[in-house]
Amino acid sequence: MSLKPLLRKILLVDLIKGLKVTFHYQPPSEAITEQYPLERPVIYERFRGQPRLNSNPDTGESLCIVCNLCALACPEQLIVVKGERNPATKRKEVVTWTYDLSRCMFCGLCAEACSTDALELTQDYEMALYSREGMILDQAALERGQEPTRYAK
Amino acid sequence: MLESIRGYLSTDITPGSAGSMFWATIYILLITIGVSLAVICMNWLERKILAHMQIRLGPMRVGPHGLLQPFADALKLLIKEDIIPQEADKLVFWSAPVVVTMTAFTTFLVVPFGPTHAVTDMNIGILFMLGISSLGVLGIIMAGWSSNSHYPLMGSLRSSAQMVSYEIAMGLAIVSAVLMTSLQTGTGTLSMIGIVDAQNAQQTWFIFKFFPLGFIAFAVFAIAMVAETNRAPFDLPEAESELVAGFHTEYSGFRWSLFFLAEYAAMLAVSSIAVTLWLGGWMRPFPNLLGGPTWDLAFSFVPALTFFVLGAMCLLGTVRMPKIPQFRVQTIGLGTFGALLGFIGLVLLIPAVRDRVQDIYWFVAKVAFFMYLYIWYRGTFPRYRFDQLMKVGWKVLLPIGLGVLIATAVWGLLPQLSSAILGVSQ
Amino acid sequence: MKEFETDYRHAKPGQGGPGVVDYLDLDTKDQTFLDSTELVLNMGPQHPSTHGVLRVILKLDGEKVLGTECVIGYLHRGVEKIGENRTYTMFNPYVDRMDYVAAVSNGLGYCEAVEKLLSVEAPPRAQYIRVVLTELCRIASHQVWLGTHALDIGAITPLFYCFRDREEILRIFEKYCGARLTTHAFRIGGCLYETYDGFEQDCKTFCDFFLPKLDEYEELLTTNRIWVKRTKGVGILNPEDCIALGVTGPVLRASGLKWDLRKAQPYESYKNFDFEIPTGLNGDTYDRYLVRIEEMRQAVRIIRQAVDGLPQGPIMAKVPKVIKPPVGEVYHSIEAPKGELGYFIVSDGSTQPYRMRVRPPSFVNLQALDKMVRGLLVADVVAVIGTLDIVLGEVDR
């Protein structure tokens, strides 16, 4: 073996190079941990999280026109929408609107299919509940959105 | 009786040498508490430093910055259910952790924290330490055997094979250092205090003596000691828990914590050997190059300075704590801890304390440096496979150790040899 | 059901019937004269190093491995059966869940296969966007591989460094399509989402950030004597065996064969980009490591070229709302990070496929495990499983 590789082998150069790399990352400023309940992550706009039924901001009534496209688009068939035609406005209004969050895979096909921007997947992700029954959201829960308990005010 | 107690205080030898049972017991208690405290510190330091090397934070919740984590771990281990395998050999199962822990702690009988700060100064000090740490291997085999399970047995046999092989390399390196103690006086010594005194008399640390021989011997010992204590990169027996489980698989709760305690105490013990033999024990850095009373004074402020720096870091952490009510207790705790460290620093400024603490401080600082190296190695290196591990021990370290031993002997005897060869009478 | 009457797990050798492997009857020609008791050892489904729920039954002679058998199926979710009961658009989110580490490439393969069935082609802009995301996904998948492989061999820090880089990539995915892991990024006919403002800048920043990190990982591992000792000469697979077993991907390339579907059967817009195919010499674990590291570098090269040359135009081809492909079958494969990922779709003219068969690279590569570990020590089995880069979601579907 020629001199330089031999010297490198004896003087453990490769091991020392490795030690330098780990030494370099020691200062706490290099740590990338987000201490979760204290520091919440930045969620971007297109994030597919908790679903929400939007209402018209002026009148307060639901934007859903019961076209049933979301229920047809869902791969898991977990949306059940029942509506009846309101004879006065000649538009369908929601009677019951059910979304089973426990089987949802947040693919976004329902929000894509919605024709009126009523159904939207928001940026909320804290959806833990204590019971399975609570995962089946009705219209009121969907319009309200989430209210997780805040750890740090 | 009171005379014998007070009588010892006027002497300047170790209590064991003076025959004072009372003070020897005091020293033993202090060392036991000290080693246990050191293990607790090591636990926290290892988790934090390893975490920072892995760009994460480590424990942060249990106490401010995880400072109470070791206590939480100890409490958890103490209150865990004591599980003994049904077919296990109960007596051996019970006594294996005891054997390992006792041997690890017994080695500290001869470790010198200062010229008189040791429990006793046996004239075979280093041999005693090596012998007692070899007894620890017996404890490991007992643990593997009594678990009555295939995999702990194989793991313990592997672990003990590894430890025994690397003890040979360690022994050879130690003999090289011991040889160097005889250079000035003509008689060598195995006593730990004697070895540091020899370094003092010869005015160099043995790591720099006969450069590069002292350094190579030190390197051989440094690698062998990592393998001796089953730490990365030689931790296959304990980390390869997939197939051949480590010898302590069947141990849970307090029994496991005894193994853990013994492992860290053994790490401290072999680091103490390295520090005593090559790094000048309790001597401060550069005693001759930067000698004289002013430098002595300057170096004597370093212990207090260390505590001030640590206290300042705590206070910085306190200031940076999140300012919400849930964190109030932690903030107060961290601030108090920082204040306590600062107070200890202030106490260390008192001249009487300063002089007494010097030796202990430098010894502990050097051992702490070795502990940091242990953690650094764990974070950086992959593991050796078992056959490669044994190859390194027998085919690399053993020949190098022998070579260094012979070379040191030749170099040390060079004046006599050359005069004998050249026929010049001494 | 008559054919399942004999529980093959307890069958005597020869009793199982056709197609049943008698795992206790492995090849024992390698025994020495000093015949120590052979040990049948179970690296069980729950295991820190099997990258998922994989059961490996090892037949050992002391420390040497005489033979292995893999028992899979612990993660079987019936994805192919689900495919027969969903429309083509609806099945798109399900394919992400197979190779969950590199979800984007699964989606790419599926969308391309259906587009081939429909005889449409995605517009150029969509193709470039797809290439950028797929190459980012390749880097993300290889980072998971690097981290976990190093962890198996004992180096515990590269895992965290790799996942830090992966975080940056997942952030780009989240900004683009709304999910980090199960991306559902592409649609049949093109892409649904237009690139967000700053997409090109983010990709370029990532490339600049990532290349020095790759040099750091090389410094930590490539010349490290312990790493070299653990990986050189371990798990050698020669090219003939590779072809015989159907192994593809970096495993094949490390054995010396220069076969990459991006160059051999170019799909998407790969023919517009200038990149190289790294190959190895010996086909051992070390070569596979080097090949994957170099692939990451080439992926950065492709991303830079694609981002610079992103054409304007539509991102979705003219595809009907309800997809009813003509009767026929198609097999289309892409170069996923783990190997050749293929989709075989049989259409009977309705909105739901008649048969949706996936050819997962990890499933086929796993069959090479037996050949690679004969004669190795037990500690090497872990290294070899790591180097094959298997994801059980793909193996079991």
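Biologist: Which residue in β8(C) stands opposite Tyr343(C)?
Modeller: The model is predicted: local features need pLDDT of at least 70, side-chain atom pairs count only at pLDDT 80 or more, and totals for chains, interfaces and linings use all residues. Residues are numbered from 1 along each chain as its sequence is written, while chains are lettered from A and ligands numbered from 1 in the order in which they are written. Strand β7 (residues 339–347) of chain C and β8(C) pair in the antiparallel sense over five bridges, pairing being defined as at least two DSSP bridges between two strands. In β8(C), the residue opposite Tyr343(C) is Val358(C).

Biologist: Which are the edge strands of this sheet?
Modeller: Three strands of chain C form an open antiparallel sheet in the order β6-β7-β8. The twist averages 15° from one strand to the next. An edge strand here pairs on one side only, and this applies to β6 (328–336) and β8 (355–359) of chain C.

Biologist: At what angle to β6(C) does helix α3 of chain C run?
Modeller: Helix α3 (residues 103–118) of chain C lies across β6 and β7 of chain C. Axes are lines fitted to C-alpha atoms, for helices over the stretch in contact, and angles run from 0 to 180 degrees between N-to-C directions. On that basis, helix α3 of chain C runs relative to β6(C) at about 150°.

Biologist: How many residues lie between β2(C) and β3(C) in their hairpin?
Modeller: Strand β1 (residues 38–43) of chain C is joined antiparallel to β2 (residues 55–61) by six bridges, with Glu38(C) opposite Asp61(C). Seven bridges join β2(C) to β3 (residues 64–71), also antiparallel, and Val56(C) faces Cys70(C) across this pair. The turn of the hairpin includes Gly62(C), with a positive phi of about 70°, and the number of residues between β2(C) and β3(C) is two.

Biologist: Which helix of chain B gives the largest share of the side that touches chain C?
Modeller: Two residues are in contact if their C-beta atoms, placed from the backbone, lie within 7 Å; by this rule 21 residues of chain B meet 23 residues of chain C. The elements giving two or more residues on the chain B side are α10 (236–239), α15 (351–380) and α16 (386–412), helices being DSSP runs of H or I of at least four residues and strands runs of E of at least two, numbered from the N terminus. That side divides into eleven nonpolar, four polar and six charged residues, where Ala, Val, Leu, Ile, Met, Phe, Trp, Tyr, Cys and Pro count as nonpolar, Asp, Glu, Lys and Arg as charged, and the others, Gly among them, as polar. The largest share, three residues, comes from α16(B).

Biologist: How many residues of helix α17 of chain B are buried?
Modeller: A residue is buried if 20 or more other C-beta atoms, placed from the backbone, lie within 10 Å of its own, exposed if 12 or fewer, and partly exposed in between. Just after α17(B), Gly423(B) takes a positive phi of about 75°. Helix α17 (residues 414–422) of chain B lies largely in the open, because the number buried among its nine residues is zero.

Biologist: What is the radius of gyration of chain A, against the value for a compact globule of 153 residues?
Modeller: The radius is taken over C-alpha atoms, with a globule rule of 2.2 Å times the number of residues to the power 0.38. Chain A has 21% of its residues buried, and its C-alpha atoms fill a box of roughly 95 × 40 × 30 Å. Whereas the globule value would be near 15 Å, chain A has 26 Å.
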